[in-house]
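The following note sets out points for a colleague who is reviewing the coordinates. Please read it alongside the sequence and the model.

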Amino acid sequence: MINPTYLAQRTRSSANWADAKRRVLHSYRDWLRAAPEIQQMYSLNLPISTIRTKIRQEFERHRYVSQLNTVDVLIFNSHQEFQETLNYWKQLTHVLKYFRTEEEPKARLPSNFINGFLEGRN
């Protein structure tokens, strides 16, 4: 039986930077521990090390955020993605979008909006 509240948490704000750091590390470790399960659930043709590397990159992108409220929002978004992923609420394409650059070396974000718009019209 599927339990939709599996992994559900109440949203809360961090009391201080030490609390935020603890929450970020907890979220990061949850993601790393779940990598083998994610690989199996979504039948990813990627090694677990690649999945863990991508998780690390996603956390490193926001390493130097300096506002506590922004960190709280990022923690919430991380947990939301984690819950949706492990409850199998995502489709394979949603998970593979994170690995697009690994699968397609030419895949990249356009330098600005106009270039992306014009590339899409070709």
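1. Helices are taken here as DSSP runs of H or I with at least four residues, numbered from the N terminus. On that basis R23 lies in helix α1. The model under review is a predicted one.

2. Overall composition. The chain contains six helices and zero strands, and its order along the sequence reads α-α-α-α-α-α. Of its 122 residues, 25% count as buried. Among the contacts in the chain with a separation of 6 or more, 67% come from residues 24 or more positions apart.

3. Packing of α1 on α3. Two packed helices are described by the angle between their axes and the distance between the axes. For helix α1 (residues 17–41) and helix α3 (residues 68–86), the angle is about 20° and the axes are 10 Å apart. Angles under 35 degrees count as roughly parallel, so α1 is roughly parallel to α3. The crossing of these two helices is left-handed. On the α1 side, the contact is made by W17, A20, R23, V24, S27, D30, W31, A34, E37, I38 and M41. On the α3 side, L68, V71, D72, I75, S78, E81, F82, T85 and L86 take part. By class, the residues of this contact comprise 12 nonpolar, three polar and five charged.

4. Packing of α1 on α2. The axes of α1 and α2 come within 9 Å and cross at roughly 155°. Angles over 145 degrees count as roughly antiparallel, and α1 is therefore roughly antiparallel to α2. The crossing of α1 with α2 is right-handed. In this contact, V24, S27, Y28, W31, L32, A35, P36 and Q39 of α1 meet I48, I51, R52, I55, R56 and F59 of α2. The residues involved divide into 10 nonpolar, two polar and two charged.

5. Is R23 buried or exposed? Its relative accessible area is 14%, and R23 is buried because the limit for that class is under 20%. Leaving aside residues up to four places away in sequence, R23 touches R12, S13, S14, D72 and I75. Of these, D72 and I75 are also listed on the α3 side of the contact between α1 and α3.

6. K90 is placed in the loop between α3 and α4 (92–96). With a relative accessible area of 9%, K90 is buried. Which side chain forms a polar contact with that of K90? The partner is E81, at 2.5 Å. E81 also belongs to the α3 side of the contact with α1. Beyond four places in sequence, K90 touches Y42, E81, E84, T85 and V95.

7. Backbone at S43. S43 is not a glycine, yet its phi is positive, at about 50°. S43 is located in the loop between α1 and α2 (48–60). The relative accessible area of S43 is 61%, which makes this residue exposed.

8. Backbone at Y88. Y88 likewise is not a glycine and has a positive phi, of about 60°. Y88 is found in the loop between α3 and α4. Is Y88 buried, exposed or partly exposed? With a relative accessible area of 47%, Y88 is partly exposed.

Key: Residues numbered from 1 in each chain as written. Predicted model: local features only at pLDDT ≥ 70, side-chain atom pairs only at ≥ 80, totals over all residues. Heavy atoms only, no water. Axes fitted to C-alpha atoms, helices over the stretch in contact; angles between N-to-C directions. Parallel < 35°, antiparallel > 145°, perpendicular 65-115°, else oblique. Left-handed = near helix turned anticlockwise from the far one by under 90°. Contact = heavy atoms within 4.5 Å. Nonpolar A, V, L, I, M, F, W, Y, C, P; charged D, E, K, R; others polar. Buried < 20%, exposed > 50% of the residue type's maximum accessible area, 1.4 Å probe, protein only. Polar contact = N/O pair within 3.5 Å; in protein donor to acceptor, adjacent residues only side chain to side chain.
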